[in-house]
2 protein chains.
Amino acid sequence: MPIIFDMVGGIISDATVARLPVYLRSLADLPAAQETCSSDQLAGIAGVNSAQVRKDLSHLGSHGTRGVGYNVAELKAQLRKALGLNKGYSVVLIGAGNLGTALANYGGFHDWGFEVAAVLDSDRKKVGRAVGPLKVEELSALESAVRSRGISIGVIATPTEAAQDVADRLTRAGIRSILNFAPAVLQVPEGVEVRRVDLSTELQILTYHISSKADASS
Amino acid sequence: MPIIFDMVGGIISDATVARLPVYLRSLADLPAAQETCSSDQLAGIAGVNSAQVRKDLSHLGSHGTRGVGYNVAELKAQLRKALGLNKGYSVVLIGAGNLGTALANYGGFHDWGFEVAAVLDSDRKKVGRAVGPLKVEELSALESAVRSRGISIGVIATPTEAAQDVADRLTRAGIRSILNFAPAVLQVPEGVEVRRVDLSTELQILTYHISSKADASS
DNA sequence: TAGATTGTTAATCGATTAACAATC
DNA sequence: TAGATTGTTAATCGATTAACAATC
């Protein structure tokens, strides 16, 4: 389990880190005029316990005001800073199929300072095709693209069979952060972080609950 | 926290349920000839502790054989059954943009018995457009589609602003399981399960680690 | 039998949350 | 001041895992 030292010298757990983007997102749902926000209100929007909000935010060295709450603008800035969103990040996207194309065109990327700097595909037929402002490149261009364009994040949107090979290439090129949309469980060296986003896993978790509710009521 | 009774009358935690699809997926990575699989091997592929594998599988009423391991085919069948994958599920997809189209065309759906039975969009310009074997329909067709086509799962692939309204419509139509790709935190009534899949959240978790590693080494 | 591996217990570990003193 | 809300402690709760008897 990765343990990261925060600014105060303590630790921020994975669970807390995973909630920070949700808080940031939740703050956007507040009325624009609202300058201050209580842990209770934020908890309501984010769907968590208010003590948890306060505890999570205390890791940021965030300073709310007792009796008042958190300054919304300040809190947003602190969350952005904690998440490292003050820098820009270049992303390489591998796989220019349906999903890859959708991801490359996804506007939400830019809002948080992410830029798709390269789209690669091993399929010769896709190479050269336009994807947003980019052209699909050969997969063999991966290493040079990563190095020359300062890419720090790899997004895998290939078929399952290709995912492990792509992950290997990414780690060999020095990438330490991978977002994997292929329904594969990747093996990567120590120090490389993989986040797996899998549509079928999510659907299967839903169906588990559907079918166990049906069982319970029969 | 939703607590579900399993076949043995005990409970299966959310964490365990979330690992079941990963085990199922991991079994596919075994050599085709391999008939039996130990918890240790499965743990290696799935990236978890072997005691956890055994504990998780024990909830299924699964019966491995001491000294031998788990019968692969049998275990697959048990996982599928536990996840409710023996039934088919009809899915309504709302939002026929880049992501929605990619999801509708995603082949992995079918592999697990999911069928996209309707694609809806509130944008008149998209209505009528072909998406795979379907035609995009008006959002107002939601309720009748859900009822007449036996739809039990809603997938939201709309812009953020529209997501809450769509969630409201889905729950009003009787949907109890929602997969939400919009970067919104949805408010839904008790008993409705929402799973949120958010690209920017995932990327932000990655950047947290990138930037905190950079801090630690400076 | 000896070796392997499960199923399960008990210990550990970590995460959540209630509660409340501090304080705006 | 009185009311509100934070920051933090301590209690609870739950999840992970080491360990090992059971047993193939």
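Which side chain meets that of A:Asp123 in a salt bridge? The partner is A:Lys126, at 3.9 Å from N to O; a salt bridge here is a side-chain nitrogen of Lys or Arg within 4 Å of a carboxyl oxygen of Asp or Glu. This is a predicted model, where local features need pLDDT of at least 70, side-chain atom pairs count only at pLDDT 80 or more, and totals for chains, interfaces and linings use all residues. Residues are numbered from 1 along each chain as its sequence is written, chains are lettered from A and ligands numbered from 1 in the order in which they are written, and side-chain values use heavy atoms, leaving out hydrogens and water.

At 25% relative accessibility, A:Asp123 is partly exposed (buried is under 20% relative accessible area, exposed over 50%, partly exposed in between, with a 1.4 Å probe and protein chains only). Next, look at A:Glu137 and A:Arg149, whose closest N and O atoms are 2.9 Å apart in a salt bridge. A:Glu137 lies in strand β8 and A:Arg149 in the loop between α7 and β9 of chain A, so the pair ties together parts 12 residues apart in sequence. Helices (H or I, at least four residues) and strands (E, at least two) are DSSP runs, numbered from the N terminus.

Now turn to the DNA. A backbone N or O atom of A:Ser39 lies 2.6 Å from a phosphate oxygen of DNA strand D.

Terms used. A polar contact is a pair of N or O atoms within 3.5 Å; within protein, one must be able to donate a hydrogen and the other to accept it, and residues adjacent in sequence count only if both atoms are side-chain atoms.
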